[in-house]
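The sequence and the structure are shown first.

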Amino acid sequence: MPVTQDRRSVILDNAAHLFAAKGIVATTVREIADSVGMLSGSLYHHFKSKDEMVDAIISDYLTDLASRYATVLASDRSPATQLRELVTSSLATIEAHPHATEIYQNLSTYLPTIDGYERIRESATSIQQAWIQVLEAGIASGDFRDDIPVRVLHGLLRDSLWLSVRWFRPTPSYSRAAFADDFVSVYLDGFLTRA
């Protein structure tokens, strides 16, 4: 049985790479099979369809992200610290699932067409709620400004963070942790020089 699971993981890893690079529709089952050295028909022993692969890739990604967020929300830290931890958790998830992140961000119009989308949508809603909870707690405590609607704040944070998958690459001199610190600092402190 472990051999089957390993093969399944290899198939998903290769499929995720191809889906992120070419798109789901443009990627053929034959290309996925070729990338793992098997016949197209043999691929159906592991997955019924490309959509089942997409569902598995995105579900694993969102489960990991939700688990990391649950740990952040379970802490009794300040909203500003939790905000930083949500950012750090997001970046760690991007690093762990780079192709799934790209698929989820770039191919979101395709996802509603697959079986299992309802589960994906529910996961996405709970992930959004984590951000909303932290933002609302920061507003209630007086740590965050209250003149911008929470949904707008969330949208700004979400898009600037998740779209960083397209351009941000950590280096030895500028790590993901440094990026997380700077990201949160820009949102909490702004661009103005500090007095």
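The model is predicted. The protein chain holds nine helices and zero strands. Its C-alpha trace spans about 65 × 40 × 30 Å along the principal axes.

**Overall build**

- Read along the sequence, the pattern of the protein chain is α-α-α-α-α-α-α-α-α.
- The protein chain has 195 residues, and buried residues make up 38% of them.

**The largest pocket**

- The space in the largest pocket amounts to about 460 Å³.
- Helices α4 (50-74), α6 (98-106), α7 (117-141) and α8 are the elements that each give two or more residues to the lining of this pocket.
- The lining consists of 21 residues, and those nearest the centre of the pocket are Tyr 104, Gln 105, Ala 124, His 154 and Arg 158.
- Helix α7 gives the most to the lining, with eight residues.
- By residue class, the lining divides into 13 nonpolar, five polar and three charged residues.

**Salt bridges**

- Side chains of opposite charge can pair when their charged atoms come close.
- The whole structure contains nine salt bridges; three of them are described here, beginning with the pair Asp 64 and Arg 68.
- Asp 64 and Arg 68 meet through their side chains, with a distance of 3.0 Å from N to O. Both residues belong to helix α4, where they are four residues apart, or about one turn of the helix.
- Arg 68 counts as partly exposed because its relative accessibility is 26%, a value that falls between the limits of 20% for buried and 50% for exposed.
- Arg 77 and Glu 85 form another salt bridge, in which the closest N and O atoms are 3.3 Å apart. With a relative accessible area of 45%, Arg 77 is partly exposed.
- Arg 84 and Asp 181 also meet in a salt bridge, at 2.3 Å from N to O. Arg 84 lies in helix α5 (residues 79-96) and Asp 181 lies in helix α9, so this pair ties together parts that are 97 residues apart in sequence.

**A nonpolar patch on the surface**

- Val 152, Leu 156, Val 186, Tyr 187 and Phe 191 form a nonpolar patch on the surface, and together they have about 490 Å² of accessible area.
- Two helices, α8 (150-162) and α9 (176-189), each supply at least two residues of this patch.
- Leu 156, one of the residues of the patch, lies in helix α8. Leu 156 counts as partly exposed because its relative accessibility is 44%.

**Buried residues and distances**

- Val 72 is found in helix α4. With a relative accessible area of 5%, Val 72 is buried, because buried means under 20%.
- Between Val 72 and Glu 85 there are 6.4 Å in space, C-alpha to C-alpha, and the two are 13 residues apart in sequence. Glu 85 is also the salt-bridge partner of Arg 77.
- Leu 62 is in helix α4 as well, and counts as buried at 2% relative accessibility.
- Leu 62 and Tyr 174 are 112 residues apart in sequence, and their C-alpha atoms are 27 Å apart in space.
- Ile 24 is located in the loop between α1 (2-22) and α2 (29-35). At 2% relative accessibility, Ile 24 counts as buried.
- From Ile 24 to Leu 107 the distance in space is 7.9 Å, C-alpha to C-alpha, although the two residues are 83 residues apart in sequence.

Technical notes:
Residues numbered from 1 in each chain as written. Predicted model: local features only at pLDDT ≥ 70, side-chain atom pairs only at ≥ 80, totals over all residues. Heavy atoms only, no water. Patch = residues over 30% accessible without salt bridge, like charges linked within 9 Å, V, L, I, M, F, W, Y side chains within 5 Å. Areas by Shrake-Rupley, 256 points an atom, 1.4 Å probe, with all protein chains shown as cover. Salt bridge = Lys/Arg side-chain N within 4 Å of Asp/Glu carboxyl O. Buried < 20%, exposed > 50% of the residue type's maximum accessible area, 1.4 Å probe, protein only. 1 Å grid on protein atoms, 1.4 Å probe; cavity = no way out; pocket = protein on both sides within 12 Å on 5 of 7 lines; lining within 4 Å. Points joined across faces, edges and corners; volume = space filled by probe spheres on them. Nonpolar A, V, L, I, M, F, W, Y, C, P; charged D, E, K, R; others polar.
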